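Could you walk me through this structure while I have it open in my viewer? I would like to know what to select at each stop and what there is to see there.

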Amino acid sequence: MKHLDAYTTQRALSVGALVMTAVAFVGFFVGTEDTYEGRGYSYVPPPQNGDAPVVLSYQERMTTPRHVNSHFAASFSTLAISPEALGDATDPALRAQAREARQSGRAYEGAPPTVPHPMDQVEHLVVCRATVQGKHYWSRGPKISHERYTNCTQCHVERDARRPFAETNRGPSLWTQAFEDFIC
Amino acid sequence: MPVSSLVVTLHDELSERMAALSQMESTTYLTVGEIVGRVHVPVVCESESLSQGEAHVRELMAMRGVVFVDVVMVDFSDLEEINESTRERRIRPEVEWELDLLAESDRSDG
Amino acid sequence: MKIGRRAFTKLGAMSVAVSAASRLAYGEVPERKPDRVGPDDITWNKAPCRFCGTGCHVQVGVKGGRVVSIAGDDKAEVNKGLCCVKGYHVGLILYGRDRLTTPMLRQGDGHVPISWEKAIDIIAQRIMAAPEKFAFYGSGQWTIPEGYIAQKFMKGGLSNNHIDPNARLCMASAVTGFLSTYGVDEPAGTFTDVDKADVVICWGNNPAEMHPILFSRLIDRRARGEKITLIDIGTRRTRTTDHAQHYLEFKPHTDTAIANGIAHLLIQKGTYDKTFVEKYCNFRGESDPPSMNGEAISFEEYKKRVAQYTPEYVEQISGVAASDIRMLGEVFSNPNQKVTSLWCMGMNQHTQGTAINRLVHGVHLLSGKFGTPGNAPTSLTGQPSACGTVREVGTLAHALPGGRVVANEAHRKDAEGLWNIPEGRINAKPGYHTVLMWEKFSTPTEQNGDISTLWVQVTNPGQTLPNLAKLFHPSRKLSDKFLIVSDVYPTATTRHADLILPSAMWVEKNGMVGNSERRTQQWFKMVEPPGQARDDVWQTLAVARRLFELGHPGMKDKDGRFLFAIKDEKGGEVPAWKWENFYRVNVDQQLFEEYRKFTTYKHKNLAPYNEYVKARGLRWPVVEQPDGSWRETQFRFAEHDDPFVKKGAGIQFYHSVTKDDRALIWFSPYNPPPESPDETYPFWLCTGRVLEHWHSGTMTMRVGPLRRAMPQAYIEMHREDARRLGVQDGETVIVESRRGRLEIPVLDRWPWKAPQGSLFVPFFDERLLINEVTLDAHDPWSKQPYKKCAVRVLRKAT
């Protein structure tokens, strides 16, 4: 067998991690969407201490170099998806699919996705679990697939306001349609 | 293809400076910027490989009217692989010649 | 123009080479650092976020002349690479489809496009006709140079002090609180305290939604196993409450009693910090008749006055259980616990705003929870430059730059000297504060309504002023009142304006701002504004120049030269008032360097412009070191960090009101609110903000993800109240006060519970203007109006 050098190995791992993250993402969101529509959102208890990796402190963030995906294997074992089931990581179709899945719900490449279910910042550490320790595959990418933070609503909003609103158009709105350029 | 940012320091003498500028401008792989102050010229150098880039810098240093070349930055972000080991540098003729000399002296010592 | 990747790389490489060559040639870097070019040909550059006063830095990705991406800035100490949801979407605010792109003049019921030349001339002619009847209404979103040029134009040019900002509605009470306690404005601590505190108390404050990054910075510490106690003292549950160990719900307006209750316990139990108080504090009470400076009282007298505020008495007034008041007393009594207080609108938009600010400072001073990392009373700001522009440049009716006031002769002389204008030009009488300015503008001229032309920049008073029916709408029916509005989108204000000027925003222009922790920040223009939109600095400059041409004497300095001479590097004057020349030189830099000279007087020293180009903001005082570097200050008045404190002093309040380096511990009694619920108007109404939108929604309502997440305003009501009124969730009801009414849908089940008898309405929705209903009663010292009022809720006839 041809011996792979470190650079190629790293690249292969990166692509693999990207695909796995994306599939995990889709799986997670699709799963909760169904749950919500069908039986109401089911509460998943937050992970206990030690169950999820510890976040860096603000002080450490300044000085700690960020390693690319240094623990990715740990997070995927908790998701119980076998890496073999993900298919060929180099398949361009699969990569395109993963990229598309990743982009849905984002205002631009790298924006935090909107969340397709009701959420508040305390109960949904599970969201963070699903996105823990993915790969920043774009070198400057914002911190998607991030380490665990405890305040989901810091970065994420719900995709649709599932509220009992009947639009009360009292007078003309100045900003109708102004936003539609941004499909998300 | 690597792109490097260089600062070329020119000679104080006007005629020397003019000679260097005209020669640099006629060199295809160089893009010459506006002279800063009296003697410092920002230059962008393109090359096929890192080693060729180094060779270009040596050629620049050898030009008439050039006093010194500072390499500020080398952008090789679009290189697929960086496997240009130092070994490649050693096989360039002038270095080979130096190595031969070294080998010679080794032998004589022995 | 499309640039290939290769050409782009070469461009980047050339700018690096140029920068290096100039360092070699002149021993310095050129002022503008080369932009970094990333993958996909995106150029990245730094800018502070456009929204709140936290002051996060973002990296702005530009491609093809458009902002295409936003990333948190790793190098920024405030946010360490993170952003909140508004911050991540900040780039989209530039691209709403209805940007204003041309000057427009009212004609009949609509507006017609006119040229910039004509627009500038109209403004100049109106000012020329009656300079004393002109007023400038600005903003805490004014950049520092925008505020500075407006300030100099008004006070140094027109001898007119009618300039006030929207920040009057936002943090004026914090200013009076700081001034009357320390003799100088702005917090002593910084956000570092939030990283170090053991206990954080939110006084009527909801940082989880209003300052999300600061809040995450606090609660992320828990994920590291650190123990932080969060105490939420509020009038309604919020997302902040979700994270708090203690939620103390109090009756609106009674926070003064709570603060007095803590002071009482500290004294009664003898657990106040005796050494700190004896060394660094004096006592003060309210005088009769009341005055901003009050009267000196002894410690014994202070003791006597707070004695009344026993936990049981405080419970009776505030509704907070006596045991919880005791818990607060314990928190401040424990010498081993570091305590930081945070507050914003809850304490400031208050008819006793100055008093409650003083009292919270007082509790910290009395307990010695001051000056060491983690111990600080820290007020937050809602706008990106409420501190940098309004408080430091002093764009308030009574102020001059750098902590000076118009009423003080020496201060006026200082300013006249620095501006090189004739002595006596600055008017000694303070101008109209916000509420009064709009009242005068809304009153017919013959009834003493002596403001006839009003220029609004970077704010939306048609939506955000209280009691709109009194303060905003009347002038629109008076033919001799002329409203000029500079803005980026159509708003509730531009709709009623006589003249609309299209402005450049955020990274479409150069800018500098100052955040809540005294951090001054800078960014460069990165993209072109749309159509004919232009910088607000330029607009003011162009009007000044037109007035100069018309012969207004105030537009000349002592030597007869134009007041705003912009120079090129050789010292020649650049006609920057012509738009095509405006970016030939860095006008922001020149204005900032001029302004910087004002800042040493109150020890708010700023560094040269180029230091801010390099940094992700610097916290003043920024002082030059022997090696030529510039050092910022995290803890003011504390010897371990503040360079202006005498060696060995420990703590030194070097701008002390009493001139003896001591701060003042105030006593102010609890006073009932101007309007309380009664039989006819049985509900408390509180207005405020939501996570998804920023202020009047002009920007965030044009950002798809944010608008879809929170599409409209609502009224939050307790389920029990809804049941009693027979109101269904989602039903549209009428909310009515003594001043106005509004139809709005009810939200009673999710996500939060307003307490019984209390309602909450966010003010971001221009279709549902809750300020038709609110009250314009204000604090006597800060002139800041009140957040709450009494209303009733009626079902619509079915």
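Start in chain C with helix 13, residues 311-318, and show what its buried residues pack against: strand 11 (246-249), helix 10 (255-268) and helix 14 (322-333) of chain C. Keep in mind as you go that this is a predicted model. Within helix 13 of chain C, colour P311(C), V314(C), I317(C) and S318(C), which are buried. Now look down the axis of helix 13 of chain C: the buried residues fall within an arc of 125 degrees, so they line one face of the helix. Step just past the end of helix 13 of chain C to G319(C), where phi is positive at about 85 degrees.

Next, select strand 2 of chain C, residues 43-48. Six of its six residues are buried, so the strand is largely enclosed by the rest of the structure. Show the side chains here: T43(C), N45(C) and A47(C) point one way, W44(C), K46(C) and P48(C) point the other way, and all are buried.

With a relative accessibility of 0%, T633(C) counts as buried. Leaving aside residues up to four places away in sequence, select what T633(C) touches: R518(C), R619(C), W620(C), P621(C), D641(C), D642(C) and P643(C).

Some backbone details deserve a stop here. Most residues other than glycine have a negative phi, and most peptide bonds are trans. R518(C), one of the contacts of T633(C), is not a glycine, yet its phi is positive at about 65 degrees. You will find R518(C) in the loop between strand 21 (511-514) and strand 22 (519-523) of chain C, and at 0% relative accessibility it counts as buried. Another non-glycine residue with a positive phi, near 70 degrees, is F637(C). F637(C) sits in the loop between strand 25 and strand 26 of chain C and is buried, with a relative accessible area of 1%.

For the peptide bonds, centre on W620(C) and P621(C): the bond from one to the other is cis, with omega near -5 degrees. P621(C) lies in the loop between strand 23 (618-619) and strand 24 (623-624) of chain C. A cis peptide bond also joins D288(C) and P289(C), with omega about -5 degrees; look for P289(C) in the loop between strand 12 (281-285) and strand 13 (295-297) of chain C.

Now switch to chain B and display its open sheet of four strands, in the order 2-3-1-4 with antiparallel pairing. Its edges are strand 2 (30-32) and strand 4 (66-75) of chain B, each pairing on one side only. Strand 1 of chain B (residues 3-10) pairs with strand 4 of chain B over eight bridges, and S4(B) stands opposite V74(B) there. Then bring in helix 2 of chain B (residues 50-62), which packs on the sheet and touches strand 1, strand 2, strand 3 and strand 4 of chain B.

Finish with chain A, which has five helices and zero strands. Of its 184 residues, 43% are buried.

Technical notes:
Residues numbered from 1 in each chain as written. Chains lettered and ligands numbered in written order. Predicted model: local features only at pLDDT ≥ 70, side-chain atom pairs only at ≥ 80, totals over all residues. Heavy atoms only, no water. Buried < 20%, exposed > 50% of the residue type's maximum accessible area, 1.4 Å probe, protein only. Helix = DSSP H or I, 4+ residues; strand = E, 2+ residues; numbered from the N terminus. Arc of directions from axis to C-beta. Contact = heavy atoms within 4.5 Å. Pairing = 2+ DSSP bridges. Axes fitted to C-alpha atoms, helices over the stretch in contact; angles between N-to-C directions.
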